Amino acid sequence: MSFTALILNPIHEGAAAAERELAAFGPIRTYRTTPDSPGPAQVAQALSDGAESLVVAGGDGTQRLVAGALAGSGVPLGILATGTACVYARNLGIPLGMYGRKVATQGVPRAVDLGWASLDGSAASPFLVAAGMGRDAETISEVRTESKRRLGWLAYAVAGLKTAGRPRIPFKINGQPVEAWTVLAGNIGKIPTASMFPSARPDDGRLHVLHLGVRSWADWIPVAYTGIARSRRDAGKLHRWGTGHVLIESEAPVMAQIDGDLFPGISSLEAWIDPGALLIRC
């Protein structure tokens with residue numbers, strides 16, 4: 001008997017309702033993640049059990065790991081975005097939380113890209129949104145669980161007020177020296193209220209890179225305007241371009257992040273795009 005596998009992060013609000021809500025659309029088997037087993041093993045088991053499609057219920061971190069385990073399989077993936085920011089689901093126009101249950105199970109599969117990042121030469125890890133090094137990752141580290149519960153995605157903006165004035169970091173991008181507050185490699189373009197890469201599409205086959213060289217609070221004004229206006233024209237200390245691959249290096253180890261998952265003490269990040277690696281129900 002055919003069934004849909006639900007890969008469920010049980011810590012998120014709405015997790016308890018996910019099984020009940022999805023059962024209305026057909027047979028469901030649930031595979032719960034744990035801190036020690038955050039998704040790939042559950043995907044492998046579900047495919048071994050004969051799942052014809054999968055739904056992931058969780059935030060961007062859980063979604064990326066499940067997506068990475070499904071890459072190239074041709075098995076459709078539905079998304080129940082139950083996290084805080086839900087950046088990837090927003091970019092694909094997927095309704096958030098349980099409002100996305102019908103799309104997650106019955107939406108039309110769309111071929112989209114998947115990003116990969118290797119930290120300090122380690123095995124590649126998948127990303128759906130972005131990977132980066134520097135103050136952006138430090139900002140994420142300042143976000144507290146209670147703040148996310150109270151403020152939602154605004155908790156990230158509040159945390160940014162603590163880190164926006166921190167000094168630039170010496171990096172090399174593909175061997176070229178730059179000083180930047182952060183360097184990011186992205187797969188999609190929009191974040192809540194603004195856009196990092198206005199020209200990015202989930203299926204454009206391109207890696208989108210930016211480095212932000214702000215020195216002072218005054219430097220943030222044109223950058224913030226560019227993001228809010230979703231302008232494709234770089235302004236001030238913001239520099240963006242498209243590529244197939246990027247290598248970011250730092251002489252001193254810094255904080256890195258992959259779709260919001262934090263990795264301290266990192267000296268290099270290599271990123272690239274795997275075009276059309278996923279089938280996402282939209």
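Methionine 133 has alanine 256, in strand β15, as its bridge partner. The model is predicted: local features need pLDDT of at least 70, side-chain atom pairs count only at pLDDT 80 or more, and totals for chains, interfaces and linings use all residues. Residues are numbered from 1 along each chain as its sequence is written, and side-chain values use heavy atoms, with hydrogens and water left out. Helices (H or I, at least four residues) and strands (E, at least two) are DSSP runs, numbered from the N terminus.

**Strand pairing around β15**

- Two strands pair if DSSP finds at least two bridges between them.
- Strand β7 (residues 130–134) pairs with β15 (residues 245–258) in the antiparallel sense, over three bridges.
- Strand β8 (residues 169–173) also runs antiparallel to β15, joined by three bridges.
- Lysine 172 stands opposite glutamate 249 in β15.
- Strand β16 (residues 261–281) is antiparallel to β15, with nine bridges between them.
- Valine 246 faces alanine 271 of β16 across this pairing.
- In a regular strand, side chains alternate between the two faces of the sheet.

**The β15–β16 turn**

- β15 and β16 form a hairpin with two residues between them.
- Aspartate 259 sits in the loop between these strands.
- Its phi is near 50 degrees, a positive value in a residue other than glycine.
- Aspartate 259 counts as buried because its relative accessibility is 8%. Buried means under 20% relative accessible area, exposed over 50%, and partly exposed in between (1.4 Å probe, protein chains only).

**Nonpolar cores**

- A nonpolar core is a set of buried Ala, Val, Leu, Ile, Met, Phe, Trp, Tyr and Cys residues joined through side-chain atoms within 4.5 Å.
- The largest one has 45 residues. Leu54, Leu77, Ile79, Tyr88, Leu212 and Ile280 have the most contacts inside it.
- Helix α4 (residues 87–92) gives the largest share of this core, four residues.
- Tyrosine 88 touches Asp60, Gln63, Ile79, Val112, Asp113, Leu128, Val129, Asn187, Ile188 and Ile280, not counting residues up to four places away in sequence. Contact here means heavy atoms within 4.5 Å.

**Cysteines**

- The whole structure has zero disulfides. A disulfide is a pair of cysteine sulfur atoms within 2.5 Å.
- Cysteine 86 is in no disulfide, and the nearest cysteine sulfur, in cysteine 282, is 15 Å away.
- Seen from cysteine 282, the closest cysteine sulfur is that of cysteine 86, and 15 Å is too far for a bond.
- Cysteine 282 counts as partly exposed because its relative accessibility is 31%.
- Cysteine 86 counts as buried, at 3% relative accessibility.
- Cysteine 86 lies in the loop between β4 (77–81) and α4. Its phi is positive, near 50 degrees, in a residue other than glycine.

**Helix α3**

- Helix α3 (residues 60–70) is mostly covered, with 10 of its 11 residues buried.
- The buried residues of α3 are Asp60, Gly61, Thr62, Gln63, Arg64, Leu65, Val66, Ala67, Gly68 and Leu70.
- Glycine 72 follows α3 and has a positive phi, near 80 degrees.
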